[in-house]
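Please consult the sequence and the model alongside it.

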Amino acid sequence: MRIVRFVSPLTGADAVGVDDGERLVELSGLTTVAELLRLPAAELRERCASADGPAHPSADVRRLAPVDGRTEVWASGVTYRRSREARVVESERAADVYELVYDAERPELFFKSVAWKVSGDGERIAVRDDSEIDVPEPELGLVLNASGEIVGYTVVDDVSSRSIEGVNPLYLPQAKIYLGGCAVGPDIRPAWEVADPYALDIVLTITRAGEVVWDGKASTSQLNRRLDDLAGYLFHADVFPDGAVLATGTCLVPDLPFTLADGDTVTIGISEVGTLANTVVRGLARML
């Protein structure tokens, strides 16, 4: 089963439903993922299991990024050894900061995007035109309801400027938060259908002019944090009325000096969760 945000073929309006791979059934009484994430986990699961709205062939609907309303996207940093190594290499003055946070009890968490700025599967992502080195960061996303319960998983691309962040860690918001810097999708895989979230393969492929210019494979088994701990820190002193998506950090980072280029295609696949593909553009004007 997949929880899907899509354009209803009947009304042309945004809708939410569940997809078994052949048929997508709308959730009656709900029109947004945000409404679903306001529910306790048990009730959310029951609503998905008892979907009885209009049905459509899965192939006939246009999918949208599975975040809307007041849902926020947040991200975790330095949760894999590979990301720690990459941050240390790119940092010019504060490499020890990343060494310390990898082993610290408190994780690095940062805001990534509001829902309306998120790109979905098949849509554009962007790299900043004032940055020299830019990379995708493939991450398992936790879908959290308003109570902070993990109710699903999705794929997140935490697009990042390595050159901006490398100059000074205080530049992290500019390296991470901008239009086109976050993609989520294609759908939400319910948490109750994933037996072991610490045994998921993550594959990243970057193609340019039809040729693969970088690819890699890793696993969530390499994660240095517990997923429920990350969620707990996010909700410890804040509220998320429409839930949140929390990216759990990256384990695949191209070596320097690799950078994304205008026209590249980034494809991220996470076993049992889904595949997210986006085309890269350079600069705000191209994103608009």
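Q: Why is R70 called exposed?
A: R70 has a relative accessible area of 52%. Exposed means over 50%, buried under 20%, and partly exposed in between (1.4 Å probe, protein chains only); R70 is therefore classed as exposed.

Q: What is the basis of these values?
A: The model is predicted: local features need pLDDT of at least 70, side-chain atom pairs count only at pLDDT 80 or more, and totals for chains, interfaces and linings use all residues. Residues are numbered from 1 along each chain as its sequence is written, and side-chain values use heavy atoms, with hydrogens and water left out.

Q: What makes the contact of D242 with R70 a salt bridge?
A: The closest N and O atoms of D242 and R70 are 3.4 Å apart. A salt bridge requires a side-chain nitrogen of Lys or Arg within 4 Å of a carboxyl oxygen of Asp or Glu, so the pair qualifies. D242 is in the loop between α7 and β16 and R70 in the loop between β5 (62-64) and β6 (72-77), 172 residues apart. Helices (H or I, at least four residues) and strands (E, at least two) are DSSP runs, numbered from the N terminus.

Q: Which parts does the salt bridge of R38 with D242 tie together?
A: R38 and D242 form a salt bridge with their closest N and O atoms 2.8 Å apart. R38 lies in the loop between α1 (33-37) and α2 (41-49), and D242 in the loop between α7 (227-235) and β16 (244-247), so the pair ties together parts 204 residues apart in sequence.

Q: Is D242 buried or exposed?
A: D242 has 2% relative accessibility and therefore counts as buried, whereas R38, at 43%, counts as partly exposed.

Q: Why are K112 and D158 both called buried?
A: K112 has 3% relative accessibility and so counts as buried; D158, at 0%, also counts as buried. Their side chains meet in a salt bridge (2.5 Å, N to O). K112, E137, D158 and K176 are linked in a network of salt bridges.

Q: How many residues of the lining of the largest pocket are nonpolar?
A: The lining divides into ten nonpolar residues, no polar and one charged. Nonpolar covers Ala, Val, Leu, Ile, Met, Phe, Trp, Tyr, Cys and Pro; charged covers Asp, Glu, Lys and Arg; the others, Gly among them, are polar. The lining includes E108, F110 and F111.

Definitions and conventions
On a 1 Å grid over the protein atoms alone, a cavity is a set of points where a 1.4 Å probe fits but cannot get out, and a pocket is an open set with protein on both sides within 12 Å along at least five of seven lines; lining residues have an atom within 4 Å of a point.
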